[in-house]
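Reader: I am new to this structure, and I would like to learn how to read its disulfides.

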Amino acid sequence: MLRFVVTLFAVITSSSCKKYGCLEGDTHKPKPSREPNMQECTLYSKSSCCYADFTGQLARSPVIKVNNSYWNRCGQLSKSCEDFTKKIECFYRCSPHAARWIHPNSTAAIQFVPLCQSFCDDWYEACKDDSICVRNWLTDWERDASGGNRCKNKCIPYSEMYANGTDMCQNMWGKSFKVSESSCLCLQMSEKDTVAIKYLRSASSEESSSSSSSEEHACQKKLSKFEKLQREKGENAR
């Protein structure tokens with residue numbers, strides 16, 4: 001009986017640690033902590049899963065490469081497209097919440113993170129005239145001896161590779177992201193995420209982001225208050 005209790009405690013502890021820990025990628029910390037000197041990804045500076053020096057790679061525009069992954073294989077990204085790509089990179093590398101959607105088969109990967117439809121549509125609009133040569137950034141590259149990514153196919157506009165924002169969000173990073181049916185219980189890679197994250201369930205299955213109407217209502221109510229406070233802060237700063 002004692003052995004069972006100890007084993008159960010270990011499982012619960014391990015689960016809790018992972019819930020509040022970080023992914024286990026090559027640039028991730030063991031657990032989130034403050035990073036006041038971040039050059040990019042400052043949304044996560046109060047609790048970050050990446051070190052400040054990593055963000056230096058994203059601070060220079062245009063971004064040429066991040067670690068061993070080149071962003072310019074089809075030419076430099078436009079500023080608007082680059083900004084959205086940075087938000088996705090920052091979330092994966094630095095967000096203390098990313099591990100809530102840890103991939104069941106890889107502790108360095110995420111799966112089915114719920115993104116807001118509006119975010120996906122805006123991301124698509126920002127990138128539709130840029131060019132790309134892979135549909136899935138995680139698996140479709142050809143890798144050279146040093147691990148660098150190279151195109152297998154010709155470069156085409158994002159608007160030809162993806163039909164719309166939903167198609168792009170749910171395929172560009174494999175199964176990392178999904179478009180949420182909710183307009184509140186989803187992430188926008190902005191300060192508003194602090195509201196949504198409180199109501200999103202911690203799980204790693206595709207069904208996990210479905211939510212009850214009561215959660216949706218509570219989230220919408222809290223978000224309205226948040227937006228009102230943000231407007232008041234902006235007015236007082238003038």
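This is a predicted model: local features need pLDDT of at least 70, side-chain atom pairs count only at pLDDT 80 or more; totals for chains, interfaces and linings use all residues.

Reader: How many disulfides does the structure hold?

Author: A disulfide is a covalent bond between the sulfur atoms of two cysteines. Here the term is used for a pair of cysteine sulfur atoms within 2.5 Å, and the structure holds 9 of them.

Reader: Which residue is joined to Cys 74, and why is that disulfide left-handed?

Author: Cys 74 is joined to Cys 155, with 2.0 Å from S to S, and the disulfide is left-handed because the torsion about the S-S bond is about -85°. Cys 74 sits in the loop between β4 (69-70) and α3, Cys 155 in the loop between β10 (149-150) and β11 (156-157), and the two are 81 residues apart; helices (H or I, at least four residues) and strands (E, at least two) are DSSP runs, numbered from the N terminus.

Reader: Are Cys 81 and Cys 127 buried or exposed?

Author: Buried means under 20% relative accessible area, exposed over 50%, and partly exposed in between (1.4 Å probe, protein chains only). Cys 81 and Cys 127 are both buried, and they form a disulfide with sulfur atoms 2.0 Å apart. With a torsion of about 100° about the S-S bond, this disulfide is right-handed.

Note on methods
Residues are numbered from 1 along each chain as its sequence is written. Side-chain values use heavy atoms; hydrogens and water are left out.
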